[in-house]
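Please consult the sequence and the coordinates alongside the text.

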Amino acid sequence: MALDSKIPSGPLGEKWSQYKSSVKLVNPANKKKIDIIVIGTGLAGASAAASLGELGYKVKAFCFQDSARRAHSIAAQGGINAAKNYRNDGDSVYRLFYDTIKGGDYRSREGNVHRLAEVSVNIIDQCVAQGVPFAREYSGLLDNRSFGGVQVSRTFYARGQTGQQLLLGAYSALNRQVKEKAVDLFTRHEMVEVVIENGKARGVIVRDLITGEIQRHAAHAVVLATGGYGNVFFLSTNAMGCNTTAIWKAHKKGAFFGNPCFTQIHPTCIPVHGEYQSKLTLMSESLRNDGRVWVSKSKGDKRKPQDIPEEERDYYLERKYPSFGNLVPRDIASRAAKEACDDGRGVGETGMAVYLDFADAIKKYGQNVISERYGNLFEMYEKITGEDPYKTPMMIYPAVHYTMGGLWVDYNLMTNVPGMYATGECNFSDHGANRLGASALMQGLADGYFVLPYTIGDYLSGEILTGKIKTESAAFDEAEKNVRAVIDKLMNVKGTKSVDFYHRKLGKVMWDKCGMARNAKGLTDAIEEIKKIKTEFWSDVKIPGTANELNPELEKAIRVADFIELGELMCRDALHREESCGGHFRSEFQTPDGEALRNDDKFAYVGAWEYKGENQPQELHKEVLVFESVHLTQRSYK
Amino acid sequence: MKLTLKIWRQKNKSDKGGFETYQLNNVDTHASFLEMMDVLNEQLIEENKIPVAFDHDCREGICGACSMVINGRPHGPLKGTTTCQLHMRHFNDGETVTIEPFRANAFPVLKDLVVDRTSFERIQQAGGYVSIGTGSAPEANNIPVNKNDSDKAFDAAACIGCGACVAACKNGSAMLFVGAKVSQYALLPQGHPERNERVLNMVAVMDEEGFGGCTNTGACEAECPKEISVANIMRLNREYISAKFAVEKE
């Protein structure tokens with residue numbers, strides 16, 4: 001099947017404005033007759049649900065949390081990029097576009113990324129008008145800071161809680177529409193199946209997490225805004241509930257999965273400390289603005305950091321990448337940390353950590369300034385580790401943070417299944433093989449506020465005569481039957497091991513063999529190991545309680561069953577992509593000095609996988625990436 | 001370390017509920033409180049018992065999902081800390097730890113330690129927003145905002161909506177939660193056009209939902225994991241009174 005990205009023709013800078021002037025519209029009277037389902041209430045979901053409600057569509061929004069405000073966008077710390085050029089430092093829409101394409105190691109679509117850069121400026125306007133308390137200067141105007149992978153200051157922030165403030169802004173817009181009765185909000189409801197009728201997405205099956213009730217909801221379009229799937233690694237910076245189920249069910253019903261192996265390993269996280277560990281905590285990348293990363297020059301150095309003299313320290317990022325220093329992109333910083341630790345120069349009890357040191361910044365600016373910038377992060381670090389980063393350097397290590405891969409979507413953000421959309425982290429579209437810092441919030445809000453409300457009309461204009469979609473149909477019967485069968489099967493295994501047991505096992509395989517560095521042998525082994533985990537899971541998992549009540553173990557089991565299948569696909573994708581690019585580092589493909597070695601002749605495409613049935617390997621489709629404006633070069637941050 | 005856990009177990013909303021006692025050996029002092037609960041649940045599953053249900057998600061102290069009362073205090077003994085950020089190094093070997101759900105009229109227990117906080121949602125829906133539609137915003141830097149006001153608005157907006165203030169209050173009052181949201185908008189020029197209706201509507205729903213009144217005890221501020229100041233309650237009162245007068249005048 002040929003994948004049509006539907007990128008509008010014309011010069012790059014005019015594609016979006018021309019598209020907007022010519023896209024089909026749905027008139028206000030007809031919008032009232034159109035139902036839209038939005039799954040997930042993070043930045044992408046809440047902003048979409050609110051904006052679609054404002055336009056006059058009838059929206060139903062669902063989240064598994066007890067409040068829309070608790071979606072994991074809330075935890076984003078550092079900031080949001082926008083090409084405002086308030087600093088007069090040479091920023092522009094084109095530069096933000098270019099940085100994003102380059103940062104993504106030339107594996108994203110020019111058209112989508114340029115549009116993202118264009119609407120970035122509108123996002124800041126919108127959020128400020130909503131009452132989002134961004135950091136300001138004494139003039140009363142908005143403050144900016146710089147972030148990894150770029151040489152301008154274009155990141156807007158609200159202390160170390162930017163995601164929280166932006167999400168609360170989107171949440172407030174959503175609440176306004178709930179009050180207006182334009183949006184019907186369902187909390188503690190989890191989507192467990194998508195309904196396809198005559199080739200079009202027509203609704204979803206959800207499980208009420210309090211009562212266990214299985215419900216049918218119909219609509220003319222289904223928008224998935226369910227975030228990333230980093231929890232496939234068990235340990236990640238994602239919230240405990242983040243999962244792949246919605247997009248995986250969509251994939252199994254025909255939606256192609258784009259670049260599943262593109263995973264972002266974030267360089268600055270608190271290192272793993274024990275077997276009982278349930279998640280990893282990120283320390284914002286913004287810390288690298290003032291913190292200096294180092295290890296000892298000698299192997300196995302067990303001295304305390306303050307006892308290691310300056311000349312015996314290796315500030316390896318500053319040494320290897322003099323022009324970007326500590327602000328290299330995330331994939332590069334992560335790999336450099338891994339190299340230092342693999343070289344036996346890691347620090348801390350486990351040797352799997354490096355220092356992030358603020359001593360120089362505190363000396364230069366004073367503790368007050370540093371505390372103003374990062375106070376809450378320092379506090380959080382101290383709470384978790386019991387150490388005071390004002391006095392002793394932080395210890396950090398890379399951890400799984402974000403997934404660039406996701407459902408394949410066209411320029412309209414529609415998957416290859418008509419009527420099914422994917423926005424925010426759960427689509428593959430804008431970040432290529434590596435996402436730059438402060439771009440996730442930008443993409444989530446761009447998709448929800450400024451892209452989808454336009455593009456969805458293109459499809460829905462063809463649905464105005466459809467009439468109300470009924471939930472009494474063969475397609476809904478079938479979907480509900482499938483859901484009940486999966487739940488019954490899980491409840492009846494009555495095995496001996498908990499869900500977490502299998503999740504940890506899967507996570508370990510993924511981290512060891514499909515993590516920061518991958519190779520053909522490891523990936524081939526991983527595929528076999530995951531198949532075994534799948535068999536064991538379905539024959540020996542133990543879920544206490546019943547399906548007709550609040551049952552967190554059952555919720556986890558449904559999610560882990562999907563993670564296992566996704567894990568296998570990620571390994572297949574990583575195995576087939578015989579190049580290194582961005583966060584995908586195949587150890588067989590590197591430059592002599594250990595940098596990622598792309599193969600643009602063979603792999604400048606989006607790998608979009610089609611589901612072919614239970615236990616069948618997926619089929620690969622390729623969307624060749626066309627670069628009209630950017631010249632592909634070896635990424636250099638030296 | 002070893003711990004004795006006295007935990008509130010309640011099957012569902014209509015169940016009466018009661019305490020159960022569990023023994024946990026080998027708790028790592030570096031584990032977080034919720035990781036300790038995970039270990040307990042693994043043990044219960046092993047013993048063919050039903051694990052303890054509790055709300056949690058981000059485990060970074062920001063989503064506001066976790067909600068236990070630990071040894072009589074919402075989110076436990078540490079100041080300015082959510083349950084998920086509380087670590088076992090703050091407990092003693094051999095200690096008995098009592099764990100209960102947040103208790104308040106407006107937060108019915110759903111199961112074990114999980115409570116229904118949708119009353120908070122309804123308060124927010126009554127007016128916790130600026131009525132600005134997508135696309136109609138002016139250029140962001142057109143309205144300068146005094147940095148001090150903006151910082152204070154941020155401090156109020158840092159509320160995570162966990163409900164510890166309500167659980168801590170002897171009256172089950174939500175004044176700190178409502179005060180924080182009303183203050184955020186009252187301190188920013190963007191919130192001014194709707195300030196009167198906002199405070200009146202939010203307070204009306206707060207009362208309908210069965211939250212109590214404020215009697216200036218200050219337990220809310222003391223237990224708030226984000227240390228939201230009671231000054232926000234004073235601002236709420238001021239906003240409310242001035243809105244009442246303004247509406248009367250009209």
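The model is predicted, and local features are reported only at pLDDT of at least 70, side-chain atom pairs only at pLDDT 80 or more, whereas totals for chains, interfaces and linings use all residues. Residues are numbered from 1 along each chain as its sequence is written, with chains lettered from A and ligands numbered from 1 in the order in which they are written.

**Contact between the chains**

Chain B contributes 64 residues to the contact and chain A contributes 65 residues; two residues are in contact if their C-beta atoms, placed from the backbone, lie within 7 Å. On the side of chain B that touches chain A, at least two residues each come from α1 (33-46), β6 (109-111), α2 (118-127), α3 (147-157) and α5 (175-187) of chain B. Helices (H or I, at least four residues) and strands (E, at least two) are DSSP runs, numbered from the N terminus. Helix α1(B) gives the largest share of that side, six residues. By residue class, the side of chain B that touches chain A holds 28 nonpolar, 22 polar and 14 charged residues. Here Ala, Val, Leu, Ile, Met, Phe, Trp, Tyr, Cys and Pro count as nonpolar, Asp, Glu, Lys and Arg as charged, and the others, Gly among them, as polar.

**Domains of chain A**

Chain A is assigned domain 1 (267-398) and domain 2 (480-602), with bounds that come from an automatic or database domain assignment. The centres of the two domains of chain A, taken over C-alpha atoms, are 30 Å apart. Their contact takes six residues from domain 1 and five residues from domain 2. On the domain 1 side, helix α9 (residues 330-342) of chain A supplies the largest share, five residues. That side of domain 1 divides into one nonpolar, one polar and four charged residues.

**Core and burial**

The largest nonpolar core has 283 residues, and L174(A), V223(A), L224(A), V354(A), L407(A) and V166(B) touch the most other members. Such a core is a set of buried Ala, Val, Leu, Ile, Met, Phe, Trp, Tyr and Cys residues joined through C-beta atoms within 7 Å. A residue is buried if 20 or more other C-beta atoms lie within 10 Å of its own, exposed if 12 or fewer, and partly exposed in between, with C-beta atoms placed from the backbone. Helix α16 (residues 552-576) of chain A gives the most to this core, 13 residues.

Helix α7 (residues 245-252) of chain A is mostly covered, with seven of its eight residues buried. W248(A) and K249(A) are among them. After α7(A) comes G254(A), which has a positive phi near 120 degrees.

Most residues other than glycine have a negative phi, and most peptide bonds are trans.

| Residue | Phi | Other C-beta atoms within 10 Å |
|---|---|---|
| K181(A) | near 65 degrees | 9, exposed |
| R188(A) | near 50 degrees | 21, buried |

K181(A) lies in the loop between α6 (162-179) and β5 (183-186) of chain A. R188(A) is placed in the loop between β5 and β6 (189-197) of chain A.

**Strand pairing in chain B**

Strands β1 (residues 3-9) and β5 (residues 96-101) of chain B pair in the parallel sense over four bridges; two strands pair if DSSP finds at least two bridges between them. I7(B) has I99(B) as its bridge partner in β5(B). Strand β3 (residues 68-70) of chain B runs antiparallel to β5(B), joined by three bridges. There, V69(B) has E100(B) as its bridge partner.
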